[in-house]
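Good morning, and thank you for coming.

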Amino acid sequence: MNVMCGIVGIASNFMEDRSIGVLLKEALLRLEYRGYDSAGIATIYNNKLYIKKDKGTIKEIHRKINFDDLLGNCGIGHTRWATHGSPNLINAHPHCDCNDRIAVVHNGIIENFYELKNKLISKGHVFKSETDTEVIPHLIESHLKGRVRRSSVEEAIEKTIRELKGTYAIVVIYVGLPDTIFCVRNENPLVIGINSNAIYCASDITAFLPMTNKVLMLNNNEIATITSNRIEINNTNLEETDINDRKIVRISWTPEMAQKGGRPHFMQKEIHEQPIAISNTLKIDWNKILKFGEYIHNTPPGNIYITAAGTSYHAALAGKYMFTKIANTQIHPVISSEFREYIGNTLNNDSLLIAISQSGETADTINAIDFAKQQGAKIISITNVLGSNITRKSDYFIYTQAGPEIGVAATKTFSVQLTSLALCSLGLAELNGSLLNNEILEFKNRLNNIPMIIKNFISSKEEKVRIIANKYYQNKNFLFLGRGVNYPTALEGALKLKEISYLHAEGYAAGESKHGPIAMIEKDYPVIFVAAPDETYDKILGNVMEMKARGAKIFSIIQENDQTIKTLSDDFIEIPRNIDLPFSPIVYIVPLQLFSYYVAIKCGYDPDKPRNLAKSVTVP
Ligand code: M6R
C-alpha cells in the first residue's frame with residue numbers, strides 16, 4: 001500500500017532534445033515531502049518501456065542509476081511512503097503488467113487487492129512485488145483486447161477501476177501510445193497543470209509549479225487522457241465531459257515559494273515566513289469572514305463541531321477557546337479520526353461541522369466530513385490548498401494564505417490557521433453582537449501588529465532559542481504544559497519536538513499535571529511552560545512552583561519582564577507585550593517551533609524529512 005506518496009505524469013512535445021527523465025526527477029524532488037523511502041520513473045522510448053527505480057531518496061537513487069538519461073515524450077514518476085510491502089527495489093513504483101507494456105504509479109490503497117491478485121494469478125498473471133498497486137497494470141492488461149488504441153486503454157482503465165475498492169490516484173502509460181498518459185482518481189489528490197508544450201498531472205501543484213501555474217482539477221472517478229496539447233476527460237461511463245466550461249485556475253504561488261530560499265531547511269524557511277503568511281491571511285476579505293461566521297451564527301447552539309488532525313487539531317482547539325472568549329459561542333472540538341465514534345448519529349440538518357486542514361486531503365478529516373454530511377450537517381472549512389478535496393466537499397471555505405508548505409512539520413500553516421480562526425471569532429462577534437464595533441476594530445488593529453512582532457521576535461531571539469535547544473537536546477523526555485488557549489500551544493510544542501527529534505514529549509493541560517504526570521518528575525526533568533499572563537496565570541505559576549519543588553528543569557515561554565516566572569526558570573524566552581491573550585498562541589508557538597527545529601539539528605536529523613511521516617496523511 002502506498003498511502004501518501006507523490007505521483008507525477010508528463011506528456012510533452014519536447015521530442016528528444018530534452019530529457020524527460022530530468023523533468024520527472026525534478027518534479028519528484030518537489031513531491032518528496034510526501035514520501036521518501038523509494039522512488040522510480042518510467043518512460044516510453046523507441047517502442048519500449050524504460051523503468052528505473054530503487055530504494056532510498058531520489059538523490060541517492062539518482063546517484064546510483066541516473067534518472068537523467070531516460071528519454072521519451074511522456075513518462076510517469078513516483079516517490080513512495082510505504083506502509084505495507086517493505087521499501088525496496090521490487091516494491092518501488094512504477095509497476096508493470098506481465099509483458100512490460102503497461103506502467104502504473106499509484107497513491108492510495110486498493111483494499112480488495114488480495115482477492116484481485118488471487119484471481120489474476122489463477123488466470124496466469126505473474127506478480128513481482130508485494131504491493132497492492134501491481135494488480136492495476138495486470139487488470140488493465142486483462143482488459144486490453146485486440147488492436148490497442150487510446151480508446152481501448154481508456155476502456156481497460158475504466159473496467160479496472162470498476163473492480164477496485166479503496167482510494168487511489170493512478171497514472172498509466174502504455175508502450176504503444178508513446179505520447180499519452182492516462183490518469184484517474186478516487187479521493188486521493190491529482191491535479192493537472194497546463195502549459196504550451198507539456199501537460200502535467202501530479203499529486204499536488206508544487207510538482208509542476210516552475211513550469212506552469214495553470215491548473216485544472218480532476219474530479220473523483222474521472223479518467224483524463226492527456227497528450228502534450230490535449231486533455232480529454234471522461235466519466236466512468238466513458239462519456240466525455242465538456243471541459244471547455246471547466247475552470248482553469250491560476251495559482252498565485254510562485255516557484256520560489258516552494259524553494260528553500262537560501263536556508264538549510266524548508267522548516268526554518270517556513271518558520272521565518274510566518275510574518276508574511278499571517279499578514280497575507282489578515283488581508284482575507286472581511287465579507288468572506290462574515291459569510292463564514294454566518295454559518296456559525298445561524299446554527300442553533302450546541303450543534304457546532306470543529307474537527308481536524310495533528311497540528312490542525314491543535315489550531316482547532318485554540319479556535320474553540322477563541323470562539324468562547326471573543327464571540328461567546330460554544331463549539332465542540334473532536335479529533336477527526338474519533339469523529340464517527342464520538343458523535344454517532346447525533347447530527348442533523350441543523351448541525352455544522354468546521355473542518356481544518358492544511359492540505360485539504362487528510363483522510364481522517366475527509367471521513368469526518370463525509371459522515372457529518374450523510375447526516376445532513378453543513379460543512380465549512382479552513383484549508384491552505386485551493387481545489388483540495390476538503391474545499392470541494394465544503395459548503396463554504398476560507399483559503400489561508402501560507403503559500404506552499406514543504407516541511408513535513410506544519411509551522412506557518414498552523415499560524416495562519418490560528419489567524420483565520422481569530423478573524424472568524426471576531427466576525428462572529430460582529431454578527432452576534434458580543435463585541436462592539438470599535439472593540440472589534442481594536443482587536444483587528446492589534447492582530448495586524450502580530451506579523452511585525454513575530455518578525456522582530458525571530459530576528460532577536462532565534463539565537464537564544466538555539467542555545468537553549470543545545471542545552472536540552474540530550475534529554476530523552478519532555479513535558480509541555482499550558483493552560484487555557486495556550487494548552488493547545490503546549491500540545492503543539494510537544495508534537496513538533498516528537499515528530500522531528502524523535503524525543504518523547506508530552507503536551508498536557510497544566511492543571512492535569514498533578515493528576516498523574518507529576519509522578520515522572522525527578523531532578524532535571526525538563527518541563528516546558530507556556531505561561532501567557534491571562535486569567536490562568538496564577539494557576540500556571542502554581543504549577544511552575546510544584547514542578548520546581550520536585551527538581552524539574554524549567555524552560556518557560558513568558559511575557560517580557562515577567563520577573564516571577566523568570567526567577568523560577570532555568571531558561572526562559574520572553575514574548576513582547578501588546579498581544580491580545582486569546583490570540584497569543586500565534587506568537588507563543590514560535591519559540592517552540594524554533595526549539596524543536598534546533599533540537600533536531602543538534603541531534604543530527606533532517607527536520608524536513610522526519611522518519612515514518614509524510615506531509616499528507618491520505619489513509620484513514
Ligand atoms: O493537512 P492537514 O492539516 O489535515 O494534516 C493534519 C496532520 O497530518 C498534520 O498537521 C501533521 O500532524 C503534521 N505533520 C504536524 O506537523
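This is a predicted model: local features need pLDDT of at least 70, side-chain atom pairs count only at pLDDT 80 or more; totals for chains, interfaces and linings use all residues.

The chain is divided into three parts: domain 1 covers 6–259, domain 2 covers 263–435, and domain 3 covers 460–613. Taken over C-alpha atoms, the centres of domain 1 and domain 3 are separated by 44 Å.

Let us now consider the empty spaces. Rolling a probe the size of a water molecule over the atoms shows where empty space is left. How many cavities of 30 Å³ or more does the structure hold? It holds one, and the space inside this largest cavity comes to about 250 Å³. Its lining consists of 23 residues, and those nearest the centre are Tyr33, Ser203, Asp204, Ser359 and Val385. By class, the lining of the largest cavity has ten nonpolar, seven polar and six charged residues. Which domains contribute to this lining? Domain 1 and domain 2 each supply at least three residues to the lining of the largest cavity.

Next come the pockets. The largest pocket has a volume of about 550 Å³. Around it stand 21 lining residues, with Leu29, Glu32, Lys59, Lys260 and Phe266 nearest its centre. Two helices, H1 (20–31) and H2 (58–65), each give at least two residues to this lining. Of the contributing elements, H2 gives the most, with four residues. The lining of the largest pocket is made up of ten charged, seven nonpolar and four polar residues.

The second largest pocket has a volume of about 420 Å³. It is lined by 22 residues, and Ala309, Gly310, Thr311, Lys615 and Val617 are the closest to its centre. The largest share, three residues, comes from H9. In the lining of the second largest pocket, ten residues are polar, nine are nonpolar and three are charged. Here domain 2 and domain 3 each provide at least three residues.

I turn now to the helix pair. Two packed helices are described by the angle between their axes and the distance between the axes. Helix H13 (residues 412–432) and helix H18 (residues 585–603) have axes that come within 10 Å and cross at roughly 170°. Why is this pair called roughly antiparallel? Angles over 145 degrees count as roughly antiparallel, and therefore H13 is roughly antiparallel to H18. On the H13 side, the contact is made by Phe414, Ser415, Leu418 and Thr419, and on the H18 side by Pro585, Ile586, Ile589 and Gln593. This contact has five nonpolar residues, three polar residues and no charged ones.

Finally, I would draw your attention to one glycine. Where is Gly344 found? Gly344 sits in the loop between helix H10 (339–343) and S18. Leaving aside residues up to four places away in sequence, Gly344 touches Phe339, Phe371 and Gln375. Gly344 and Ala372 are 28 residues apart in sequence, and their C-alpha atoms are 9.4 Å apart in space.

Thank you for your attention.

Methods: Residues are numbered from 1 along each chain as its sequence is written. Side-chain values use heavy atoms; hydrogens and water are left out. On a 1 Å grid over the protein atoms alone, a cavity is a set of points where a 1.4 Å probe fits but cannot get out, and a pocket is an open set with protein on both sides within 12 Å along at least five of seven lines; lining residues have an atom within 4 Å of a point. Grid points are joined across faces, edges and corners, and a volume is the space filled by probe spheres set on the points. Ala, Val, Leu, Ile, Met, Phe, Trp, Tyr, Cys and Pro count as nonpolar, Asp, Glu, Lys and Arg as charged, and the others, Gly among them, as polar. Domain bounds come from an automatic or database domain assignment. Axes are lines fitted to C-alpha atoms, for helices over the stretch in contact, and angles run from 0 to 180 degrees between N-to-C directions. Angles under 35 degrees count as roughly parallel, over 145 as roughly antiparallel, 65 to 115 as roughly perpendicular and the rest as oblique. Contact means heavy atoms within 4.5 Å.
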